[in-house]
Structures are given as C-alpha cells and as structure tokens.
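Dear colleague,

Here is the structure I said I would pass on. My notes on it follow below.

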Amino acid sequence: MMSTTETTNGSLTSALTSAEVVQITRETNYGTWRFQKGWNPLHIVDAEGCYITDANGKRYLDFSSQLMCMNLGHKNQAVIDAIKQQAQDLAYAMPGYATTARAELSKLLLDVLPKGLNKFFFTTSGTDANEAAFKIARMYTGKTKIIARYRSYHGSTSSSIAATGDPRRWPMEPRGKAQGVIFGPEVHCYKCPIKHTYPECGIACADYIEHMIRNESDVAAVLVEPIVGTNGVIVPPQEYMAKLRKICDEYGVLMIADEVMSGWGRAGAWFAMDLWGVTPDILTTAKGITSAYVPLGLCATSEKIGDYFQDHYFAHGHTYEAHPMTLLPAVATINEMRRLKLVERAKELEPFVEQRLKALKAKHPSVGDVRGKGLFWAVDLVKDQKTKEPFNTYSDKISGKPLLVDQIAAKMAADGVMIQAWVSHFVIAPPLIVTREELDKGIATLDKYLSIADEQCSAASKSEEVGAAR
C-alpha cells in the first residue's frame, strides 16, 4: 500500500523509495511500444527550463522536449498559474456549455491558425483529434477512404493507427486494414520511395497521389504531416503543398494536415503549413498547444465544413471535449509564446542548428542526412552514405532487435542529454526556450557518441572489401 507524508507547507509527498517507484511502475503499468521484459523506467522527480532531474539528483538536458511537446520548457509559471486558476474557478463543465476559457482560446486560435480555419472541436490528444478529423471528413464528403503515407504516425486508437504508416500499425492488422485507409508514398527527396530526383521529377510524389485519387472510387481526404515527425522530420520541397492543394481542390478531396508535432512554433512558424502559405481543410494538433502541461488536442476545420453542419447532424463528441482544465492553460501557452517571441526564436536559431548538424555530417561517415526547419531536426544514420542503407529497419524495431540509435541515446543519457531515437535516426527538438549554449551541449554530446556508428561503418566496409577480394 502506498503511503504519503505531509510536508511543512501542507502538500503531500510519497514515502516510497525511488527503487519502489520504479518497481511498482514496471510491475503494474504497461511500457508503451515495447516488449515489457527489461523495461526499467527512469524515475523523474523534477524539471525546470530545458532540464529534467531524476531521483538521484542528476540533471539531463531535455533535447527532444520529452515527446517533442514541451515547447515552453518545464515550469513555466504562467501556465502553472492558469491550471491553478481554472481548477479553482471551474474544474469541469459538460461540452454542451459555454465557458470563458473556451471562448478565450477560440478567439486566440482565430489569430494564430492558418487563415480560414474557424470552427473548432477540442479533444484530449492528437490521436483523438485525428479520429475527429476522419469522421468529419467522411460525414462532410459522404465518402470513405483516407489516403495516408507509409512514413507517418497519426495516433494509437483504431482509426488513427490504421492511418499510421510506421510499424506501430503492424500488430493491429488485419483489423487496421478495415478502416478505409490506403497508403501512398511519402515526400522524401533524400531517399525517394518512387526513385525520382528533385527537382527534375516535377514533384512526382504529388502526381502519384493524384493517380490514386483518380483510381479510387470514394476518397474523402488526403492526410499529411506537413513535416513528418517521429519518422524522420521529413520536409517536403517548396512546391509540394501548393500542388497537393490544387489536386485536392480539383477532385473535391479534403486536405487534412496533422500538425500535432510540427505546430506551435516548432518549425519556425506558428504552423508548418504557414511555411508554404497553404491552408488545409482540416488541421489537427495537440502537444505544443498547452506545451503538454495538460492534455489537449484540437481539430480545426474550414468555414465551409462548419457551415455544412448547420443543417446536418454532427455525430461526434465525448465527455472531456472542451474540458475547462485544458483550455485556460492553452490560452496561457499562446500568450507566453507571444511574450517570449518563441516562433521567431525558432526561426532565428534554424541556421545555427543547421550549421552544427551539417558539420556532423561532414565529420561522420555514419551520418547520411540532416534535415529540418526551425527547432525540428533529424539526423539519419546509415552504414554507407552512398547507398543510404540504414543501420536498422522497421522490422528490427517491431521484432525487438537491438537498435544502434538506442545504444547511442543511452550513452548520451549517461552524459546528461536525453534525445529521442527512432529506428535509425534521432529527433532533435529541444524546448523553444533553449539557448545556443544548450544546443551546443546537446549536439556536442551526439557528436561524441556518433563514433560508435562510425566504427560500425568501418567494420561493414572492411567486411565488404574482404568479400570482394575472395
């Protein structure tokens, strides 16, 4: 049984030892997206700014904003105060009521979202926001199919995982295939899935989507991450979004932009779609909307979609929709982003990060590509820069095979830098309040341990030479 003790200021603190906290967590909770055997979660007890602190008092630079979500960093007082105020004023109201926090946030969203998105459905996560988007698209168009991408992640519930391209979808099949989702090629100029070369290709990946629309009977929407998140921070070429927008308009297909990760200043604009001046029909987001202090997601639609439901039944909703405790912290988050000029800051730091990361590529034979926008970057690891063969594959991830990126990330953690690793790349996405010195520290630590990958490149090269000699 868990016991607590009271501190001098009246707050409660656990009497559990750190070892007990880890043991109870491991034995009674599921560790997500992993085999349960061997899970040994780090016990975090504090966090501030760009750092988190474990139970032993060790501080770590949070170089990926936890799950690319704590854009304001830890312990922003304005957001904390908003949580306290809303809890005191009105902890809950059912979705059918209007609340002051709901109105205040809606007004701010009209200012910061891409122009033309002015009807909102509030959820509790990005997953929920995408589920809402799919239902709205299907209700509005009367069609069924969603075109998604092979390198994508849109959530973990039934429809959102069905629309996900990475291996997290695989254990759910064949059920996932029954959700009306079809997959097209991602927009990845570094390693084009349809073997074209930009710019000579004329944006052939968009033409491929058009071909899919023409040859499918009832496409409701095309779903994109404007900048692909977990699966490699893949940035499309400048012309892509405008061309896709034109295709969607020509065929009466909706464009859904999943900005759960790329939104809220992360890419050097309020939303990544702003980088190309293109407005989707539906935009979903979460994470940075409250800097992850409380769980909130958003599904924003165009006026024409909103107008449709004036005289058509809106068949969606849930108990925690527009929960007041999630909305006022979002108001505080937007105001803090404006006060601290964090969108502008992410844009200003972009060339600094790009320069440092390109220096890694020039130095390390194991770095195949670096790419990103704002404070949203990926470093791809490869066995060979010419062939672009990765050290690990999606199949390795889902089968539980040890991954090289996890080995490097563990070494970095031991040196006090936490970084998100996925299959064969790292995601660099620190809080938007990060300093140049902190950026240098994180990149220098990655630089230090890329030698592990370089050594494997050398070993692979020698093996090939021996084989050729025979």
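This is a predicted model: local features need pLDDT of at least 70, side-chain atom pairs count only at pLDDT 80 or more; totals for chains, interfaces and linings use all residues.

**Strand β14 and its partners**

Strand β13 (residues 367–373) is joined to β14 by 6 bridges, in the antiparallel sense. Within that pairing, V370 stands opposite V379 of β14. β13 and β14 make a hairpin with 2 residues between the strands, and G374 there has a positive phi near 55°. Strand β15 (residues 389–390) also pairs with β14 in the antiparallel sense, over 2 bridges, and V382 has P390 of β15 as its bridge partner. This pair too forms a hairpin, with 4 residues between the strands; K388 in the turn has a positive phi of about 65°.

How many of the 9 residues of β14 are buried? The count is 7, so strand β14 (residues 376–384) is largely enclosed by the rest of the structure.

**Other strands**

Strands pair through backbone hydrogen bonds, either parallel or antiparallel. An open sheet of 4 strands has the order β3-β4-β5-β16, with mixed pairing. Its edge strands, β3 (44–48) and β16 (417–418), each pair on one side only. Strand β4 (residues 51–54) and strand β5 (residues 59–62) run antiparallel and are joined by 3 bridges; I52 has Y60 in β5 as its bridge partner.

Elsewhere, strand β7 (residues 145–149) runs parallel to β8, with 4 bridges between them. I147 stands opposite I182 in β8. In a regular strand the side chains alternate between the two faces of the sheet. In strand β8 (residues 181–184), V181 and F183 point one way, I182 and G184 point the other way, and all are buried.

**Cavities**

A search of the whole structure turns up 2 cavities of 30 Å³ or more.

**Backbone details in the loops**

Most residues other than glycine have a negative phi, and most peptide bonds are trans. The peptide bond from Y198 to P199 is cis, with omega near 5°; P199 sits in the loop between β8 and α7 (204–215).

Two lysines in loops have a positive phi. For K287 the value is near 40°, and the residue lies in the loop between β11 (282–285) and β12 (297–302). For K341 phi is about 55°, in the loop between α10 (324–339) and α11 (342–363). Are these side chains buried or exposed? K287 is partly exposed, because its relative accessible area is 22%, which falls between the limits of 20% and 50%. K341, at 51%, counts as exposed.

**A surface patch**

Y92, M94, Y97 and Y320 form a nonpolar patch on the surface, and together they have about 460 Å² of accessible area. Y97, one of these residues, is in the loop between α3 (77–89) and α4 (100–112). Its relative accessibility is 52%, so Y97 counts as exposed.

Regards

How values were computed:
Residues are numbered from 1 along each chain as its sequence is written. Side-chain values use heavy atoms; hydrogens and water are left out. Two strands pair if DSSP finds at least two bridges between them. Buried means under 20% relative accessible area, exposed over 50%, partly exposed in between (1.4 Å probe, protein chains only). Patches are made of residues with over 30% relative accessible area and no salt bridge: like charges are joined within 9 Å, nonpolar side chains (Val, Leu, Ile, Met, Phe, Trp, Tyr) within 5 Å. Accessible areas come from the Shrake-Rupley method with a 1.4 Å probe; for residues, only the protein chains shown count as cover. A salt bridge is a side-chain nitrogen of Lys or Arg within 4 Å of a carboxyl oxygen of Asp or Glu. On a 1 Å grid over the protein atoms alone, a cavity is a set of points where a 1.4 Å probe fits but cannot get out, and a pocket is an open set with protein on both sides within 12 Å along at least five of seven lines; lining residues have an atom within 4 Å of a point. Grid points are joined across faces, edges and corners, and a volume is the space filled by probe spheres set on the points.
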